[in-house]
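Student: I would like a close look at one helix of this model. Please take a single one, show how it sits among its neighbours, and keep the account connected.

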Amino acid sequence: MRRAATFGEEIARRGLTQEQTAVLGGVQPSTVRRIVAGQVQARPKTVVSLAKALGIGAQRMQRMCDAHWLDAHPDEDLRGGSRHVTAA
């Protein structure tokens with residue numbers, strides 16, 4: 001099974017820079033850089049703006065952005081909690 005593309009991969013596939021993508025989406029370039037670096041989780045408003053700019057669905061965009069967060073934070077879930085369960 002092929003894994004879904006990340007946001008950064010989608011930007012590159014389209015031949016865009018992160019800065020160009022930010023302009024198209026009406027967000028700050030630093031926002032795009034931080035999402036791609038897995039430093040922040042994309043806010044819903046940002047996801048919708050970027051999805052519209054790239055002509056894709058918001059759910060697909062959310063999955064692509066989440067992939068960066070999960071790669072950068074393998075021990076956390078998407079809400080910042082631990083994925084590991086410890087025995088009592």
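Tutor: Take α2, whose buried residues are covered by elements including α1 (7–13), α3 and α4 (44–54). The model is predicted, so local features need pLDDT of at least 70 and side-chain atom pairs pLDDT 80 or more, while totals for chains, interfaces and linings use all residues. Numbering starts from 1 along each chain as its sequence is written, and side-chain values use heavy atoms, without hydrogens and water.

First, the setting. The protein chain has five helices and zero strands. Both are DSSP runs, numbered from the N terminus: H or I over at least four residues for helices, E over at least two for strands. The order from the N terminus is α-α-α-α-α. The protein chain has 88 residues, of which 31% are buried. Buried means under 20% relative accessible area, exposed over 50%, and partly exposed in between, with a 1.4 Å probe and protein chains only. Among contacts in the protein chain between residues at least 6 apart in sequence, 45% link residues at least 24 apart. A contact is heavy atoms within 4.5 Å. The protein chain exposes about 5900 Å², and 52% of that comes from carbon and sulfur atoms. Areas follow the Shrake-Rupley method with a 1.4 Å probe; for residues, only the protein chains shown count as cover.

Now α2 itself. The helix spans residues 18–25, and its buried residues are Thr 21, Ala 22 and Gly 25. These cover an arc of only 100° around the axis, which puts them on the same side of α2. The arc is taken from the directions between the helix axis and the C-beta atoms. An α-helix has 3.6 residues a turn, so residues three or four places apart point the same way. The other side of α2 carries Val 23 and Leu 24, both exposed. After α2 comes Gly 26, with a positive phi near 70°.

Turn to α3. α2 and α3 pack with their axes 8 Å apart, at an angle of about 120°. That makes α2 oblique to α3. Axes are lines fitted to C-alpha atoms, for helices over the stretch in contact, and angles run from 0 to 180 degrees between N-to-C directions. Under 35 degrees is roughly parallel, over 145 roughly antiparallel, 65 to 115 roughly perpendicular, and the rest oblique. The crossing of α2 past α3 is right-handed. A crossing is right-handed if the near helix is turned clockwise from the far one by less than a right angle, left-handed if anticlockwise.

Which residues make this packing? From α2 come Gln 18, Glu 19 and Ala 22; from α3 come Pro 29, Val 32, Arg 33 and Val 36. Val 36 lies in α3, residues 29–36. Val 36 and Gln 18 are 18 residues apart in sequence, yet 8.8 Å apart in space, C-alpha to C-alpha. Leaving out residues up to four places away in sequence, Val 36 touches Phe 7, Gly 8, Ile 11, Gln 18 and His 68.

Next, α4. The axes of α2 and α4 come within 8 Å and cross at roughly 100°. That makes α2 roughly perpendicular to α4. Thr 21, Leu 24 and Gly 25 in α2 meet Ser 49, Leu 50 and Ala 53 in α4.

α4 has its own buried set: Thr 46, Val 47, Leu 50, Ala 51 and Leu 54. Seen down the axis of α4, these residues fall within an arc of 130°, so they line one face of the helix. The face turned away holds the exposed residues Pro 44, Lys 45 and Lys 52. The buried residues of α4 pack against α1, α2, α3 and α5 (58–72). Thr 46 is one of them, with a relative accessible area of 14%. Its touches, apart from residues up to four places away in sequence, are Val 27, Thr 31 and Ile 35.

From α4, continue to α5. The axes of α4 and α5 come within 9 Å and cross at roughly 110°. α4 and α5 are therefore roughly perpendicular to each other. α4 passes α5 in a right-handed crossing. Here Val 47, Val 48, Leu 50, Ala 51 and Leu 54 of α4 meet Ala 58, Met 61 and Gln 62 of α5. Just after α4, Gly 55 has a positive phi of about 70°.
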